[in-house]
Amino acid sequence: MRWIVTKDHHGGCIGLGEDADGVPAHGKPEDGDALPVEFRLYTARGRLLFEGRCGDIAADWWHGMEPLLYAWATFRCRRLTWRPAGTDEPWRPLRP
């Protein structure tokens, strides 16, 4: 699933992500504009590290875990929330 970091609250990771084939890639934050879901990645203590865009988590939650898994070891991200892009819906925790 394509995903990209569009806001970096940690430093040095803007544009980090994966292409549609799951290959690590760098891009520009505006590359995420075409993706239908916004996500946020947090540490276990609730500190927001990254915000980004990705494919449809509601349709494919398994691949929706990819940003979290990528940031798990390096940044100790332990929680991902998401919502449809461009809405005021509440942030949802990633759950199967």
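Visitor: How much space lies in the largest cavity?
Guide: The model is predicted, and the figure is computed from its atoms. The count comes to one cavity of 30 Å³ or more. The space in the largest cavity is about 40 Å³.

Visitor: Which residues line the largest cavity?
Guide: A residue belongs to the lining if it has an atom within 4 Å of a cavity point. By class, the lining has nine nonpolar, no polar and no charged residues. The residues are W3, V5, L16, L41, F50, P67, Y70, A71 and F75.

Visitor: Which element gives the most to the lining of the largest cavity?
Guide: Two elements, β1 (3–8) and α2 (66–75), each supply at least two residues of this lining. The most, four residues, comes from α2.

Visitor: Which residues of α2 are buried, and which elements do they pack against?
Guide: Buried means under 20% relative accessible area. In α2 that holds for E66, P67, L68, A71 and F75, and P67, A71 and F75 are also among the residues lining the largest cavity. The elements that the buried residues of α2 pack against are β1, β2, β4, β5, α1 (61–64) and β6 (77–84).

Visitor: Is R76 buried or exposed?
Guide: The cut-off for exposed is over 50% relative accessible area. R76 has a relative accessible area of 59%, so R76 counts as exposed.

Visitor: How many bridges join β1 to β2, and how many β1 to β5?
Guide: Strand β1 runs antiparallel to β2 (residues 16–18), and W3 has E18 as its bridge partner in β2. With β5 the pairing of β1 is antiparallel too, and there I4 stands opposite R53. The bridges number two between β1 and β2, and between β1 and β5 they number five.

Visitor: Over how many bridges do β4 and β6 pair, and over how many β6 and β7?
Guide: T43 stands opposite C77 in β6, while W82 stands opposite R92 in β7. Both pairings are in the antiparallel sense. β4 and β6 pair over seven bridges, and β6 and β7 over two.

Visitor: Why does E51 count as buried?
Guide: E51 sits in strand β5 (residues 48–54). The cut-off for buried is under 20% relative accessible area. E51 counts as buried because its relative accessibility is 13%.

Visitor: With which side chain does the side chain of E51 make a polar contact?
Guide: Beyond its neighbours within four places in sequence, E51 is in contact with I4, V5, T6, K7, H9, F39 and R40. A polar contact needs a pair of N or O atoms within 3.5 Å. At 2.6 Å, the partner of the E51 side chain is the side chain of H9.

Visitor: What distance separates the C-alpha atoms of D31 and G15?
Guide: Along the chain, D31 and G15 are 16 residues apart. In the model, their C-alpha atoms are separated by 8.4 Å.

Methods: Residues numbered from 1 in each chain as written. Predicted model: local features only at pLDDT ≥ 70, side-chain atom pairs only at ≥ 80, totals over all residues. Heavy atoms only, no water. 1 Å grid on protein atoms, 1.4 Å probe; cavity = no way out; pocket = protein on both sides within 12 Å on 5 of 7 lines; lining within 4 Å. Points joined across faces, edges and corners; volume = space filled by probe spheres on them. Nonpolar A, V, L, I, M, F, W, Y, C, P; charged D, E, K, R; others polar. Buried < 20%, exposed > 50% of the residue type's maximum accessible area, 1.4 Å probe, protein only. Polar contact = N/O pair within 3.5 Å; in protein donor to acceptor, adjacent residues only side chain to side chain. Contact = heavy atoms within 4.5 Å. Pairing = 2+ DSSP bridges.
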